[in-house]
Amino acid sequence: MWSGRKLGSSGGWFLRVLGPGGCNTKAARPLISSAGTLGRDCTVLPKPLSTAVRDNLLKTIPNHQPGKPLLGMKILDVGCGGGLLTEPLGRLGASVIGIDPVDENIKTAQCHKSFDPVLDKRIEYRVCSLEEIVEETAETFDAVVASEVVEHVIDLETFLQCCCQVLKPGGSLFITTINKTQLSYALGIVFSEQIASIVPKGTHTWEKFVSPETLESILESNGLSVQTVVGMLYNPFSGYWHWSENTSLNYAAYAVKSRVQEHPASAEFVLKGETEELQANACTNPAVHEKLKK
Ligand SMILES: C[S@@+](CC[C@H](N)C(=O)[O-])C[C@H]1O[C@@H](n2cnc3c(N)ncnc32)[C@H](O)[C@@H]1O
């Protein structure tokens with residue numbers, strides 16, 4: 001089970017139940033459908049996922065530094081939008097690359113990051129799709145996060161294959177998305193888009209919603225072992241998200257890449273300032289010291 005039951009709170013419950021996507025819809029590059037520009041002012045899914053990412057990754061770090069528990073971890077935030085998840089991961093000490101093919105999203109993310117000098121060293125943003133950087137970043141990341149992205153991609157199998165390719169052996173993949181159910185059709189498309197106009201028409205395509213079973217099957221066929229699939233439900237009365245056994249609307253999946261086919265990474269992908277930061281912390285963190293020696 002994912003850590004914690006209470007996930008977080010903040011406004012617009014239908015948007016939360018159904019996931020993000022509101023705001024302006026904009027065409028992007030090949031292999032990407034309309035996913036929307038996500039300014040920081042948009043009401044989107046809160047980012048309790050960073051806590052789940054942290055707690056699961058911590059199990060893989062023997063000695064972590066208080067205050068910067070994810071120091072030394074390289075994380076790729078695929079479809080980062082305005083950086084709502086990228087920043088909390090950076091604050092936990094991880095070196096994060098946030099990618100999004102929509103230029104406006106990355107500009108928003110860059111702008112917000114500029115208010116926090118600590119994040120400048122730890123976060124790098126790029127305007128690109130996952131499919132565009134898969135070759136140069138093969139087996140680079142300790143973790144890949146795709147929050148509310150898979151329901152927007154045109155070729156899901158290729159996208160998930162790329163997620164696997166950029167992960168190091170033993171690396172972790174975290175996905176949140178919307179299930180393909182009658183309920184998600186009724187709430188996500190009919191109510192939100194056509195009746196209440198909470199999100200612009202055409203933001204979501206029901207055919208692209210994916211069931212946990214389908215997701216799991218594609219992940220497993222790409223050498224990823226699914227550890228947990230947990231529902232995410234929003235309670236409009238308490239104002240909190242909760243982990244749930246009910247996956248009929250939103251859910252989160254956590255999978256780990258097999259260590260079997262280990263071979264050297266094809267490219268070095270070093271973040272600006274990452275090495276310096278690792279060196280600065282090497283004396284206090286034995287895990288980082290080991291990493292620098294490699
Ligand atoms: C609904 S938003 C989610 C934003 C952010 N992850 C969040 O949870 O706030 C989906 C994002 O995925 C991006 N996207 C869609 N296809 C992508 C791909 N193939 N590679 C990278 N990003 C993609 C879109 O541009 C969009 O910003």
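Helix H9 (212-221) has its buried residues covered by a set of elements that includes helix H7 (156-166), E6, strand E7 (224-235) and E9. Contact here means heavy atoms within 4.5 Å, and helices (H or I, at least four residues) and strands (E, at least two) are DSSP runs numbered from the N terminus. This is a predicted model, where local features need pLDDT of at least 70 and side-chain atom pairs pLDDT 80 or more, while totals for chains, interfaces and linings use all residues. Residues are numbered from 1 along each chain as its sequence is written, and side-chain values use heavy atoms, leaving out hydrogens and water.

The buried residues of H9 are Pro212, Leu215, Ile218 and Leu219. Seen down the axis, they fall within an arc of 135 degrees, so they line one face of the helix; the arc is taken from the directions from the helix axis to the C-beta atoms. Glu213 and Ser221 are exposed on the other side. Buried means under 20% relative accessible area, exposed over 50% and partly exposed in between (1.4 Å probe, protein chains only).

Now to the rings: the whole structure holds 2 aromatic pairs. Rings of Phe, Tyr and Trp (its six-membered ring) pair with centres within 6.5 Å; planes under 30 degrees apart are stacked, over 60 edge-to-face, the rest tilted.

| Pair | Type | Centre to centre | Between planes |
|---|---|---|---|
| Phe174 and Tyr254 | stacked | 4.9 Å | 10 degrees |
| Tyr185 and Trp206 | edge-to-face | 6.2 Å | 85 degrees |

Phe174 lies in strand E6 and Tyr254 in strand E9, so their pair ties together parts 80 residues apart in sequence. Both Phe174 and Tyr254 are buried. Tyr185, at 39% relative accessibility, counts as partly exposed, and so does Trp206 at 26%.
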